[in-house]
Amino acid sequence: MLTLNVDEKIQLSKLEDRIEQGVRASVEMAKALLEIRSHQLYRSTYRTFEEYCRMRWGIADRYARLLMSYAETVDRLGIEGSTVPGEFAMRPIAALPAEEQPKAWEAAKQITPP
């Protein structure tokens, strides 16, 4: 491996902070979608949650459901802070039955470098 100079280390740290903020924002966005759907807060303007997602946010219902599954999985597993992986990385675990997710998460952490 090659070493980074001081400026590169600073740049890397700043960029990783931005990525971490983005991941946290993804989780928060997914949690917001969950709450909007569960309380039907879209109903004053849209007939369905699917229509709300498509018309208001330009996202397909399928993607909204993937995001919501991601948020539920992150909550269920108690993942927080800088250890929260992105939505795409969590899809295989989120697709498992809830009772199998903790074991899969532990296995994933063992094979994934920090």
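Which residues are exposed on the other side of α4? The points below take up this helix and then the aromatic residues.

1. The model is predicted. In helix α4, residues 87–94, the buried residues are E87, M90, I93 and A94. Viewed down the axis of α4, these residues fall within an arc of 100°, so they line one face of the helix.

2. F88, A89 and P92 are the exposed residues on the other side of α4.

3. A pair of aromatic rings is described by the distance of the centres and the angle of the planes. With pairing set at centres within 6.5 Å, the model has four aromatic pairs. In one of them, the ring centres of Y46 and Y52 lie 5.5 Å apart with the planes at 70°; the cut-off for edge-to-face is over 60 degrees, so this pair is edge-to-face. Y46 and Y52 are both buried.

4. Y52 also pairs with F49. Here the centre-to-centre distance is 6.2 Å and the angle between the planes is 35°, a tilted arrangement. Because F49 and Y52 are three residues apart in helix α2 (residues 49–57), about one helical turn separates them. F49 is buried, and so is Y52.

5. Y46, F49 and Y52 belong, together with Y42, to one aromatic cluster.

6. A charge-over-ring contact involves R56 and W57. The charged end of R56 is placed over the ring of W57, at 4.0 Å from the ring centre.

Key
Residues are numbered from 1 along each chain as its sequence is written. This is a predicted model: local features need pLDDT of at least 70, side-chain atom pairs count only at pLDDT 80 or more; totals for chains, interfaces and linings use all residues. Side-chain values use heavy atoms; hydrogens and water are left out. Rings of Phe, Tyr and Trp (its six-membered ring) pair if their centres lie within 6.5 Å; planes under 30 degrees apart count as stacked, over 60 as edge-to-face and the rest as tilted. Buried means under 20% relative accessible area, exposed over 50%, partly exposed in between (1.4 Å probe, protein chains only). Helices (H or I, at least four residues) and strands (E, at least two) are DSSP runs, numbered from the N terminus. A charge sits over a ring if NZ of Lys or CZ of Arg is within 6 Å of the ring centre and within 35 degrees of the ring normal. The arc is that of the directions from the helix axis to the C-beta atoms.
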